[in-house]
Each structure stands twice: as structure tokens, then as C-alpha cells.
Amino acid sequence: MEKTGKSRKRLRAAKELNRVVTEYYVECGRAKAEGKPVGWMPPMNGAIEIFYAMDIQPVFPENWSPICAAFGLAERNFEVAEGMGYSRDLCGYMRNIIGYVHGLMKEEGTPLGGLPEPDILLSPGGGCVPVIKIFQALERRFPNAKVYPADLPQVPTEEIRQHHVDYAIAEIHRLIDFLSQATGRKLDQDRLKEVVKLSDRSCELWDEIMTYRRRIPTPFSAAEIGIMFVMVTRQGTQTAVDFLTTVRDEVKEKSAQGLGVLEQEKIRLFWDNIPLWYNMGLFNHFEGMGGVVVAETYSSAWSLRLDVNRPIEALALKSLKSYPMVSCVSVDKRVEMVIKACKEYSIDGAILHRNKSCLPITLGQMDIKRALEAELGIPSIVIDADHMDSRNFSVEQFRTRVDAFMEMLLARKS
Ligand code: SF4
């Protein structure tokens, strides 16, 4: 096993995903060239649907970071950011994008054409601190971009009340007014309904795909989780719906034929925290011992249905729930979510990725470990790594620890 590497994928749809990713970045570059407004925003909020409905090109700097990691560009971006004084202990998404906009972005020949400069920045006032800081740094790097200072209360999902929803609705209206003034474009309510409907259909398909992962043997492993690209960048488009339909049809067919990722599935694993984008091949490592990663924390973030008859309220609720679902959730809620997933997906063992680059999602892992053992008798292992920075990951240590863990799980099962 190498320190960096791509995963071995088994779904035919994986090839289709490459096309979808390339087309998205080509579309971003074309939008800029044709004078269409380009807006940069954090992922997972109710703004993407508004952008697509108003024909404004959304671009996601955080999502560009996994692409840089997959193309082996991240280390160069880290060097630039660290040269500017950003500590190596900070979030890898943050260091990567700051390094990119001050380095590679100014050069020709970046894979997929790189990112087009923003005309608009949706600068968040919530989420995690690094994501707020990313946009503050981008405001300084792109002084001509019009900045929308977004604001949302930091409320655990289980404590959302009507006054929070009312505030988020007011924020959606403020965003629409800002975008109208900044671009001269008006929001067509029928078009918004259409976009929200497509967005909701994506969530429905996402849930359906995840349901097939519960089957034994599972037809879909974490090695294929790159399909979430469409949930980040394409929600509210026909592209996302068509692609997810293709994935759904394939996993449904495999499931009906009883075909799993492995011929002999022995151990079902749960992965907590973000994958290592520079080494998705790690997910294949377990397969040599009959193990498949069938569920992970991240995938629950897109399990959010939208009320298509009340699009503004639906987007307000989404903006309150989706990002916090991953990074601002209470420890109790996180424990509850992992326990629920481990029951639903018939998990034998959990891998808790202690992520040096993302403290919000790492917080509470010891509580999860204890709860898994006490409530479900599921053993878990903590792996030290980093979702973006391969310098903080030892492949030898990973192999030694997970192989011993797998042997223990196999012995328990037999
Ligand atoms: S949630 Fe984690 S990975 Fe994402 S921006 Fe925040 S600290 Fe970075």
C-alpha cells in the first residue's frame, strides 16, 4: 500500500463521475469567460439552489481541496500557505485553498482548468471557525468581489425552533435581494420551485442508494463515496438527478442479483470522519481480509428532504441543518447518529479517524468509542491521520493497527 493512491472502484458509474466532475469545472470556466456571474460559497447550505435558480455559477473552494489532494497539488498549496504564516495545525481545506489562490491559481495549466475568479463571495458567519476564516482570507485576496456577509444562529439540529427558522427565512430573502442588486438578475419563483424539486429528488435518490448499502453483502463501499461530488456542487440540477439515478439503478441491480463488493463479505466497517482524499485506496485495504467499509459519518449530511411546496422555508431549514449536521453537532447527537448508523448497517467494527485537520468532526470520538462498546458491543480503533495533509499520515502505522484490528474482528466473528 502506498502513502497516496486512488481507490479501486467497482461501480460502472465511477467512470460517469469523472465526466460529471470534468464538466462541472469546464462549466465554471466557461461561465466566467461568457460573463456570467461567478459566486464562491461554502458547501452544504440553502444557497446553491438560489444560485442555480438565478443562473449564477456556484463555485466551492472547500470542494476544490479534495480535487487538489487527488491530483497531488495539495502539498504545493500547503507550502504557499505555510510560507504566508498559516500554521500546519490548521484545517487542511483552509491551508490548501489559501495556498492555491495565492499560488497555483496565478499559473496556467492547472488540472480541470482551476477555479475562475469570484465576482461574489458568500462569506459565512457560521459553520466552523476555519470555514469563516477561509472566506475572510478570500475577501482580502479578491477585493473586487462583492461580499455577502451571511449570518445564521449556531443551533444544534435538535434545538431548532420556529424563531430560528424565521430568522433563516429572512436571511434567504436578504441573500436574494443582495444577488439581485449585485447581478441585476431576478429570481423567478417557478424556476426556484423547479430547482428545489430537483434538489429534493437528489436527496431522495441519495437516501435510496444508502439504503442498498445496508444489504448483506453490500453492493457499494466507501471507495465509491466520491459520488457525493454531485451533492456538493450539483444539487438542484438535472445533472445530479441523472447521475444519481444511474448509481441507484446499478446498486439496485447488483443488490437484486445478490452481488456484493466482495464475493465473501466477512466484516462490515464504519468510518468516522472525513476520508483521506489523497489516499482513497485505503478503503480497499480492508478487502484483502474480507472487510468492507459500508457506512461513514459524512454521508448522513445529504439525507435532508426539502418541502418543494415551500421552497424558501425548505432552503432556510437546510441552511440551519446541513452544515451543522457534520461539524457543529452536539456530542450527544453525534453519538446518537453513529449508534443509529451502526445498527442500520449491521456494523462489526468502527474506525475512528482522529483527523488532525478537522477538530470539529474529531471532537467527541472517545464518547462515540465508549457508547459503541457499551450499547452495541462494537469494538473500534482510533487512527491518527489527516484528510488533506499526507505528511500527517503514516501508512505503516495504519497498516499495522488496522490489520491487528481486523484479525481481532475476524476471530470474534468466527
Ligand atoms: S468542518 Fe473541518 S474540514 Fe470542514 S472547514 Fe471546518 S475544520 Fe475544515
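Let's start with the inventory: the chain has 16 helices and eight strands. Its radius of gyration is 21 Å, close to the 22 Å that the globule rule gives for 414 residues, so the chain is as compact as a globular protein of that length. Keep in mind as we go that this is a predicted model. Along its principal axes, the C-alpha trace spans about 65 × 50 × 40 Å. Buried residues account for 48% of the 414 residues. As for how the chain folds back on itself, take the contacts between residues at least 6 apart in sequence: 79% of them join residues at least 24 apart.

The buried ones are Pro 61, Glu 62, Trp 64, Ser 65, Pro 66, Ile 67, Cys 68 and Ala 69. What covers them includes β1 (38-40), together with the helices α4 (74-83), α5 (92-102) and α6 (129-141). Just after α3, Gly 72 takes a positive phi of about 75°.

The packing of α3 against α5 deserves a look of its own. Two packed helices are described by the angle between their axes and the distance between the axes. For α3 and α5, the angle is about 90° and the axes are 9 Å apart. That makes α3 roughly perpendicular to α5. On the α3 side, the residues that meet α5 are Pro 61, Glu 62, Trp 64, Ser 65 and Cys 68, and on the α5 side they are Gly 92, Tyr 93, Asn 96, Ile 97 and Tyr 100.

Another open sheet of four strands has the order β6-β5-β7-β8, with parallel pairing. Here β6 (291-296) and β8 (380-385) are the edge strands, each pairing on one side only. From one strand to the next, the twist averages 30°. Strand β5 (residues 267-272) runs parallel to β6 and is joined to it by five bridges, with Trp 271 partnered by Glu 296 in β6. β5 also pairs with β7 in the parallel sense, over four bridges, and Asp 272 stands opposite Leu 352 in β7. Helix α15 (residues 365-376) lies across β5, β7 (349-355) and β8, running at about 170° to β7.

How many of the six residues of β5 are buried? Six of the six are, so β5 is largely enclosed by the rest of the structure. Both faces are covered: Ile 267, Leu 269 and Trp 271 are buried on one side, and Arg 268, Phe 270 and Asp 272 on the other. Leaving aside residues up to four places away in sequence, Phe 270 touches Ala 295, Glu 296, Ala 341, Cys 342, Tyr 345, Ile 347 and Ala 350.

In soluble globular proteins, nonpolar side chains tend to be buried together. The largest nonpolar core in this model contains 121 residues, and Leu 244, Leu 269, Phe 270, Cys 342 and Ala 350 are the members that touch the most others. Helix α8 gives the most to this core, with nine residues. Arg 201 is also found in α8 (residues 189-212). With 20 C-beta neighbours inside 10 Å, Arg 201 counts as buried. Between Arg 201 and Leu 244 there are 43 residues of sequence separation, and their C-alpha atoms are 9.4 Å apart in space.

Conventions. Residues are numbered from 1 along each chain as its sequence is written. This is a predicted model: local features need pLDDT of at least 70, side-chain atom pairs count only at pLDDT 80 or more; totals for chains, interfaces and linings use all residues. Helices (H or I, at least four residues) and strands (E, at least two) are DSSP runs, numbered from the N terminus. The radius of gyration is taken over C-alpha atoms; the globule rule is 2.2 Å times the number of residues to the power 0.38. A residue is buried if 20 or more other C-beta atoms lie within 10 Å of its own, exposed if 12 or fewer, and partly exposed in between; C-beta atoms are placed from the backbone. Two residues are in contact if their C-beta atoms, placed from the backbone, lie within 7 Å. Two strands pair if DSSP finds at least two bridges between them. Axes are lines fitted to C-alpha atoms, for helices over the stretch in contact, and angles run from 0 to 180 degrees between N-to-C directions. A nonpolar core is a set of buried Ala, Val, Leu, Ile, Met, Phe, Trp, Tyr and Cys residues joined through C-beta atoms within 7 Å. Angles under 35 degrees count as roughly parallel, over 145 as roughly antiparallel, 65 to 115 as roughly perpendicular and the rest as oblique.
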